[in-house]
Amino acid sequence: MEEKIKRDKHLALATLKDGLEEECADSLTEIMINLEDGTCDYIELISVLEQIAHKDWFYYFDDNGAGGFPHADMNRKTSFRSWALKAIQNINDNARFGSSSMVHNILKSNNTLLIKTTLEQLKNERKTADESLLPILEKIARKDVYKKYSYLSGFETDCQLGALARDVINIIKHSAPVSQDKPDETPTADAGICLVCRSLPDDITVNTGRDEYFPSAFRQLISMDNTYRSEFRCCKACGTYFNWIDMSQMYGSGNNDEERLVRLSPEKSRVLNKLFSADSNYRPDSGEVEEYIATLSLEHLVSALGYNLHRVPEFIAAFVPHLVRLLEKNNDTSLWSFLQGYVTNDPKRAEEVMNAFQFINKHVPGHVKQLSDHCLTVLKK
């Protein structure tokens, strides 16, 4: 099976390179058809996709409908810039789903037949309890329809995998062992932590002002918002999330500057992975939103949602009613700032927030009134 993945990766890379060299849109479309929202994590494709985005214009080929020699149709040119950039972002997002499982790797291939066959096998066996598969299965379920393209037949539906993925998700959730004890906030070293994470304590504080540093494994954690000072770091090997906290000294020489790293529980890691891998096709229902709110602290939830505020604002809309209700109960500055940032100067979003307010004929907290007034100003404009 590993050999099949290697062959699929090689074929995808070779076809993209040929399409780039020949300026052939057909070759590029054949490979990229599911890359912008699928589960493929072939990071080897990124450098070629960057070249495709930079080159921009390509041409579909034509044989004049008579079996002639295919040639570029100068009237059918197209840009792949937006498509390629989305594919790059999606591949990077998928690479964050960490697991050493071969099944996991197959589900992240660019071969729809391999994915389908594997899902059918998992469904028929009805005994898998590998919870590390859940994030990638949930993404397959959201995408649902996989497509294909060829020079001869054009665009077609390849297969629908949403129902299969949801069946496997249900099998995993019913097969996973349930602890009778109250779960700890953080897992122990015996809870399946990978070799990278094993050298990191569950909670560690270092005095950076006096040249103390985290263990070397810290440098192998991925910054989830692609910034150096990312609040969330993830272990690619096992999918465990860590909360990084900067505790800079606000006065004096800085000798007391500290940084803290806290391992988050498997359940928190799972829902954070869903938040950071959200795409424009994902519309969480009310039950899923409540799961996010129940699992994550308000601080963690707002920080993770902030990553998607400008990347996939469509995803945020499902959270607005719930966040407004939370704001009415909590004078939380970060939540207030997040909602104000969501509204910006967009009347549609301002209306979403106003419709979620529940304070008619009631005492209105000052911070809620401020947000309400901001929304009204946007609507009047």
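This is a short chat about a predicted model of one chain.

Reader: How many helices and strands does the chain have?
Author: The chain has 17 helices and nine strands.

Reader: And how much of the chain is buried?
Author: Of its 381 residues, 47% are buried. The accessible surface comes to about 19800 Å². Carbon and sulfur atoms account for 49% of that surface.

Reader: What share of contacts joins residues at least 24 apart?
Author: 65%, counting contacts between residues at least 6 apart in sequence.

Reader: Let's go to α1 and α2. At what angle do they pack?
Author: About 150°, with the axes 7 Å apart. Helix α1 covers residues 2–22 and helix α2 covers residues 25–32. The angle is over 145 degrees, so α1 is roughly antiparallel to α2.

Reader: Left-handed or right-handed crossing?
Author: Left-handed.

Reader: Which residues meet there?
Author: From α1, Ala12, Thr15, Leu16, Gly19 and Leu20. From α2, Ser27, Leu28, Glu30, Ile31 and Met32. Six residues of this contact are nonpolar, three are polar and one is charged.

Reader: New topic: Phe155. Where is Phe155?
Author: In strand β4, residues 154–160.

Reader: What does Phe155 touch?
Author: Leaving out residues up to four places away in sequence, Phe155 touches Thr29, Ile33, Tyr60, Lys148 and Tyr149.

Reader: How far apart are the C-alpha atoms of Phe155 and Ile33?
Author: They are separated by 8.9 Å. Along the chain, Phe155 and Ile33 are 122 residues apart.

Terms used
Residues are numbered from 1 along each chain as its sequence is written. This is a predicted model: local features need pLDDT of at least 70, side-chain atom pairs count only at pLDDT 80 or more; totals for chains, interfaces and linings use all residues. Side-chain values use heavy atoms; hydrogens and water are left out. Axes are lines fitted to C-alpha atoms, for helices over the stretch in contact, and angles run from 0 to 180 degrees between N-to-C directions. Helices (H or I, at least four residues) and strands (E, at least two) are DSSP runs, numbered from the N terminus. Angles under 35 degrees count as roughly parallel, over 145 as roughly antiparallel, 65 to 115 as roughly perpendicular and the rest as oblique. A crossing is left-handed if the near helix is turned anticlockwise from the far one by less than a right angle, and right-handed if clockwise. Contact means heavy atoms within 4.5 Å. Ala, Val, Leu, Ile, Met, Phe, Trp, Tyr, Cys and Pro count as nonpolar, Asp, Glu, Lys and Arg as charged, and the others, Gly among them, as polar. Buried means under 20% relative accessible area, exposed over 50%, partly exposed in between (1.4 Å probe, protein chains only). Accessible areas come from the Shrake-Rupley method with a 1.4 Å probe; for residues, only the protein chains shown count as cover.
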